[in-house]
Amino acid sequence: MLTTFLAGALLLGRAASAQRQSSLVHTLLGDSVVEDSSFSRNVSSCPGYKLSGLHETKTGLTAQLSLAGPACNAFGHDVADLTLEVTYDTQTRLHVNIYDSANSQFTIPSSVIQLDKSSGNPALKEKSDLVFNYESSPFAFWITRRSEPDAQPLFDTRASSLPPTPIPPVIPDDNSTALDGFPLVFEDQYLQLTSALPLGTNIYGLGEVIASSGFRRDVGTDGGPGTIQTMWARDIADPVDQNVYGSHPIYMEHRYNETTKRSQSHGVFHFSAAGSDTLLLTPPSSPVSLVQYRAIGGTLDFYFFSGPSPQKVIEQYGALVGLPTWQPYWGFGFHLCRWGYTSLNDTKAQVEAMRAAGIPLETMWNDIDLYHAFRDFTTDPTSFPANEVKAFIEELASNNQHYIPIVDAAVAHTVNATDVYDPYTRGVELDVWMKNPDGSEYVGQVWPGYTVFPDWFSEHATEFWTEALKNWTQLGVEFSGIWLDMNEVSSFCIGSCGSGANLSNTSVPFLLPGKPGNLVTDYPEGYNADVWGPSGNMTINGTLTYNSNGTSTTLSKRGLGAGGQKGVDLNSPPYAIHNGDGYLATHAVATNATHAGGVVDLDVHNLWGMMEEKATHLALLTIHPGKRPFLIARSTFPSSGKWSGHWLGDNFSKWAYMHYNIQGVLQFQLFQIPMVGADTCGFNDNTDEELCNRWMQLSAFMPFYRNHNVMGAISQEPYRWESVANASRTAMEVRYSMLPYWYTLFANASMYGSPPVRALFYEFPDEPELFGVDSQYLIGRDILVTPVLSPNASTVDGIFPGRGRTIWRDWYTHSVVNATAGANTTLDAPLGHINVHIRDGSALLLHAQPSYTTTETRANPYSLLVSQAADGYAFGTAYVDDGESVPPTPHTTLTFKARKGALAIAAVGNFDVEQKLETVTVLGVGSKQPREVKLNGKKVDNWEFDEAVERLVVKQLGIDLNKGATLTWS
């Protein structure tokens, strides 16, 4: 949740601070480092490196890289000796690692992230998709496709491929975008590597970010300034074009060949936890665009993925960092939360109101209102008595519903000797708290006042965390899943402000939302509360409240192992990455905070959230043996998807943010964290009826579906407005009917890394008009969603991929869309209706009778929707298991294959599918009514035919899905 920063005291605490600018000490970094105490802050004189000592290995090569001239010491001390390792990992993955030969720089331990190992196949040196090429002096390398050795390289660091320098600031108001040169720079606190890109190419990924350019990143062409993507986890309410909660240094490039009219995709991943800037720029008059990496630590450890399709790139990345965790079936239901359910009675009232309104509610959540004195692992004895919380959760469970509480990252420090708070004292006993450089506890400030922070590198951290969560369940908070917040990790003061402070001061240094002096007064674009009051209603006394001249908000854009090294600046590295808060310790644990083994937070800041997610996942496996953990977390890093899902943070109740919802979900499919969604209707500010109506429908077609808002704002539960309630019920009915499809997509994500939500060009890669589309998206390959993203609209424009060669049918009416090929088509979109279309060639297993919960829905029969292509073909699969057990577990895969006049159903697996297939709907059967319909050769009589939409509906079939079946019509 959003926190407002107020600076506190800075405790540097660094014993060697007087020597900060002294020469680098050879005993720590060895002879591989050139000593120099002054930093030029200009790379134009950096000499680069020359290659020697090349050695062919079984799966690649190794070589030495030596500084090719006098050290430039641009933003740190040049490292004289580097090692190059090139490994052909798999047919589709190439690993290029450049690191300091002394191994002094921090690298991510395999105990933290276990990457997929090289296959060790020596044949890949001659047969893999990708080829490593190099020049020796100055050293440069480029990556090509083996099948296209003369095509423009996928990655190319040669100076001859880059524009001549020096180049004045490419972004005029940011002097750091001056490009003084493109040498390979490897210093203790600054690493730089630059590659040419095709002019104006299509780049996706590099996050987490809300990009003003959309899902496709701005490379500095077509009037855009370019991109500076900063990797530094940050607690901030969803700014535009700034760093936010997570760090994901992976991008996918999609190249279109104007000659062949064909496209190919590839991926580039920088495996580093270091704070960094990744620049996407196009200098004036340059024949190429470029990507430049600027890191303040770590190494240059790169992985290249050959694709060649977008889906393959994403799958190949998942194979490296780890495939997404299996989701429980109930996680796909609707979730409700707000900061401001101030009592258990208030929380109960929401559950009752949702059921009274007939709006499905799967999981009820509580924010920090649950806590006693804002302390983790507690309940407030007055407003949330533990025994009553336990009874409430048991009542939810009896109704097939679930409960999720929040867990904040910071743990309260006891305020005095008589204060009893077991999580803190147990953490002291197990020595799990982060430290100051002098070994004392690092004490920050968060919701409960002064706090400590788990050190996930410490030996007993996971044991401590498991014990704390288990004790909480025994107290009565018998959660089904956990919500991890503030895990960037956030602190309200700079440095160890609690060291020597009055710990009994448990206030926070700002006004809470909704309190006098900090009232929540903003509304969505077009709603003026000064005129219409605070209700947010669409009409008042019969008058439309929307006014295009009403209130609006201008969204801001981006403004302007060190622990074992001396001569480095732990608090203000010489190169200032574009952290939106400026100083790296602002609203975060200080960079000189120390972890077990002497690791400093400067090197591992971006890992904290992922490591907490891993520890929580493992804890839940212990607490709920055999059950799939359900986690939603804010700060993420590569491999987080193995442990957790994600919500898109503290967004705003604005139409623009509903649009940003789509790019956020698409980003996290690429990042291999597919269980993702936004705070529906917006978190910050007040929503209004129209925005909430549209957003509740949009989110029904997103993986994670939760409504959540801020304390002090108007209430926005879906029952609050009748139009929103109606829209929600309609959309949820479709969502719950689609759950077998969603579940199958997520099974494929967990088994193969396939993205459940897809940009349109993933499925139609050779249609350039789709490359920038993020106002529409696909669920899997078969469902196209076209939401309304602007106020006061009754139509929406959307493009239908396929350029007329693909048949799209309306979900609700089954009629074929008369779409304009390769351009937008205007669709009716009255309030309460979201356009959903089915692709031809698809066969979707559905729940025939959506009910109030996923458990009740699953108990009902199945139906099958078949949308035939022009030649009669359709195909689909469904993955079925118990929806909660940790794999490997019994499961069955159903296959549906149609041709003209016939549908074949097959089952492979060992899970008993109890529910029968009762109804089959086939679209595209032709304009003539069938003479007869047979199931397994026997005539059936209960069927209907609609000539207008060429639809055959066969009912009361009672098909046992554990056995094969054939349905024919003639």
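Biologist: Which side chain does S496 join in a polar contact?

Modeller: A polar contact is a pair of N or O atoms within 3.5 Å; within protein, one must be able to donate a hydrogen and the other to accept it, and residues adjacent in sequence count only if both atoms are side-chain atoms. Here the side chains of S496 and N436 make one of 3.3 Å. A polar atom of the S496 side chain also lies 2.9 Å from the backbone nitrogen of V443. This is a predicted model: local features need pLDDT of at least 70, side-chain atom pairs count only at pLDDT 80 or more, and totals for chains, interfaces and linings use all residues. Residues are numbered from 1 along each chain as its sequence is written, and side-chain values use heavy atoms, with hydrogens and water left out.

Biologist: Is S496 buried or exposed?

Modeller: Buried means under 20% relative accessible area, exposed over 50%, partly exposed in between (1.4 Å probe, protein chains only). S496 counts as buried because its relative accessibility is 3%.

Biologist: How much space lies in the largest pocket?

Modeller: Rolling a probe the size of a water molecule over the atoms shows where empty space is left. A pocket is an open set of points on a 1 Å grid where a 1.4 Å probe fits, with protein on both sides within 12 Å along at least five of seven lines; lining residues have an atom within 4 Å of a point. The volume is the space filled by probe spheres set on the points, joined across faces, edges and corners. The largest pocket holds about 750 Å³. Its lining has 31 residues, with T201, N202, H254, R255 and Y256 closest to the centre.
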